[in-house]
Amino acid sequence: MVDERWIGEHGIGRFAAEVISRLSAESRPLIGVRSPTALTDFVNADRLRLRASAVIFSPGFNAGITRARQLLVIHDLIHLQVAAEKSLAKTFFYAVVVRRAIRRAGVVMTVSLASAQAIGRWLNSPKVKIVVVGNGRSRAFTPAGERYEFGRPTFIYVGNLKPHKNVGVILEALALRPQYQLIIISGDTTGAEALVVSLGLSSQVDLRSGISDLELATLYRGAVGALQPSLVEGFGLPALEAMSCGTRVAYWDGCESVKEICAGSGVRVSRAASPSDWATALDELNSLAATGALVMPLAWEKRYDWDTVASNVAQVITDACER
């Protein structure tokens, strides 16, 4: 049984769409309330009817009462790690429902080594196998293709404005470098605009939202660098997308998942909250861009291919069904 309700355009939704479309094993969709994250899904009648021999694959963290084994993909533990994302309800759900489902299944999937380590510490169960199935990116993100021509050296940030994204520091760094421009791609354009105006950076920052992968790839190729100032991430998809377009990334050295993707390339920033360090990173990215596009090895390319990810997931499902 496959929980197709996760399928969407971004984040877990994209992971679900790409992986489920590639699974060849015979299955049927899990029926229930429209949203897999709804509280009422915990007692989903379709899940309750299943026998102990049944297997449910969910591309997300949702689990519930059932005799079946539940194969979950835990992309990150940000709901437990970041104060602004925490709540008593989330803590209870993960501790009582999710952890119990994973221990009973004996296996859990995730998307990065950094997330695997965090999950291992949280589970504290040597009997559970943690499988890094990886993550992929749209085929639109390649070095070949149209390149947006900016009027001056321009950097790109893609993401929301949540506290762990640490966006404020790159805007403060931009204020130290009036010769540079930043383009922000975010669903929260209202919040971004308020922040930009408060810092007097309206002439240096361009805000956009709702663009396609093809449009985003064009912007990545035209930028001299991408910025991922996050304090914690389960994966770090914007870094992967940018690098796939040949664009280098500046990131905080303490964000293990992003550092894992960058694989020794790009620009590391040692102090996450230092505007001057980030301003220096902007200079370094600008200089590196003049040397040509970033080229990653074939093994890196294959590692982040959706066919590879789906194959990894399929193997976990096959092993579970054969147990």
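Predicted model: local features only at pLDDT ≥ 70, side-chain atom pairs only at ≥ 80, totals over all residues.

I listed its buried residues as D277, W278, A279, A281, L282 and L285. I then looked up what covers these buried residues of helix 11, and found strand 5 (154–158), helix 6 (167–175), strand 8 (225–228), strand 9 (249–252) and strand 10 (267–269) included.

Next I checked the length of helix 11. Helix 11 runs over residues 275–289, so at 1.5 Å a residue its 15 residues should span 21 Å. I noted 21 Å between its end C-alpha atoms, which agrees.

For the largest pocket I wrote down a volume of about 1300 Å³. I noted 47 lining residues for the largest pocket, with H10, G11, I12, N160 and K165 nearest its centre. The elements giving two or more residues to this lining are helix 1 (12–20), helix 3 (78–81), helix 8 (213–222) and helix 9 (237–244). I sorted the lining of the largest pocket into 19 polar, 16 nonpolar and 12 charged residues.

For the second largest pocket I have a volume of about 370 Å³. Its lining is made up of 18 residues, and T37, L39, A89, K90 and F93 lie nearest the centre. Which element gives the largest share of the lining of the second largest pocket? I found that helix 4 (residues 88–105) does, with seven residues. By type, I put the lining of the second largest pocket down as 12 nonpolar, four polar and two charged residues.

Key. Residues numbered from 1 in each chain as written. Heavy atoms only, no water. 1 Å grid on protein atoms, 1.4 Å probe; cavity = no way out; pocket = protein on both sides within 12 Å on 5 of 7 lines; lining within 4 Å. Points joined across faces, edges and corners; volume = space filled by probe spheres on them. Helix = DSSP H or I, 4+ residues; strand = E, 2+ residues; numbered from the N terminus. Nonpolar A, V, L, I, M, F, W, Y, C, P; charged D, E, K, R; others polar. Expected span 1.5 Å × (residues − 1). Buried < 20%, exposed > 50% of the residue type's maximum accessible area, 1.4 Å probe, protein only. Contact = heavy atoms within 4.5 Å.
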